[in-house]
Amino acid sequence: MKKIVIVCGSIAGLIVAAMMLISMSIYHKSGNFENGMMVGYTSMIIAFSLIFVGIKNYRDKHNAGAISFGKAFKVGLLITLIASTFYVVAWLINYYFFMPDFMEKYSAATINQLKTAGASAEKIASETKEMAWFTENYKNPFFIVLFTYIEILPVGLLVSLIASLILRRKTKPAV
């Protein structure tokens, strides 16, 4: 199980980290973050497809075709943790070395988008206050790590849950 988890987790981590780095460099230069979330979560789903591969591979090659929901979820969870850690480390390197002004640009783009959409003054004021809170907390590396894990972990947990439900098999298939 260890090899499958490490290989699938590392490949998924490389995919999601590379896609994040590529897309963030594009969006950061342009200052337009509108499609960034869609691209980011799509790349996470693509990367986390390796959870299906890992669970199925473990079930079929190392567990004689049978796997419980719990064991399948454990494999998916471990793959998720490895891939998520790649993502967090890549973001930390990217943020500290290449985009230290990310929160300022992102906050400005968010507020500008609200103004362009004709949001109310109350909504703009509320969002400005929230973005100021995020910008202030983003000065603390602990919060950067926490926020970044919160961004990716739920996606991996959801994919692990779905894959575990689909791929669980109580008995070995008849030959």
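**Close-up views of a predicted model**

View 1. Phe147 counts as buried because its relative accessible area is 17%, under the 20% limit; the model shown is a predicted one. Tyr138 is likewise buried, at a relative accessible area of 8%. The ring centres of Tyr138 and Phe147 lie 6.2 Å apart with their planes at 10°, so this pair is stacked.

View 2. Twelve aromatic pairs are counted in the model. In one of them, the rings of Trp91 and Phe102 have centres 5.0 Å apart and planes at 80°, so they meet edge-to-face. Trp91 belongs to helix H3 (residues 69-97) and Phe102 to helix H4, eleven residues apart. Trp91 is buried at 5% relative accessibility, and Phe102 is buried at 9%.

**View 3. The aromatic cluster.** Ring pairs join a set of residues into a cluster, among them Trp91, Phe102, Trp133, Tyr138 and Phe147.

View 4. Helix H5 (residues 121-137) has 17 residues and should span 24 Å, which agrees with the 24 Å between its end C-alpha atoms. Its buried residues are Ile124, Glu127, Met131, Thr135 and Asn137. These cover an arc of only 165° around the axis, which puts them on the same side of H5. Helix H4 (102-116) and helix H6 (141-167) are included in what covers them. The face turned away from the buried side carries the exposed residues Ala121, Glu122 and Lys129.

**View 5. Met19 in helix H1.** Met19 lies in helix H1 (residues 2-30) and is partly exposed, at 34% relative accessibility. Met19 and Tyr87 are 68 residues apart in sequence, with a C-alpha to C-alpha distance of 9.6 Å.

Terms used:
Residues are numbered from 1 along each chain as its sequence is written. This is a predicted model: local features need pLDDT of at least 70, side-chain atom pairs count only at pLDDT 80 or more; totals for chains, interfaces and linings use all residues. Side-chain values use heavy atoms; hydrogens and water are left out. Helices (H or I, at least four residues) and strands (E, at least two) are DSSP runs, numbered from the N terminus. The expected span of a helix is 1.5 Å times one less than its number of residues. Buried means under 20% relative accessible area, exposed over 50%, partly exposed in between (1.4 Å probe, protein chains only). The arc is that of the directions from the helix axis to the C-beta atoms. Contact means heavy atoms within 4.5 Å. Rings of Phe, Tyr and Trp (its six-membered ring) pair if their centres lie within 6.5 Å; planes under 30 degrees apart count as stacked, over 60 as edge-to-face and the rest as tilted.
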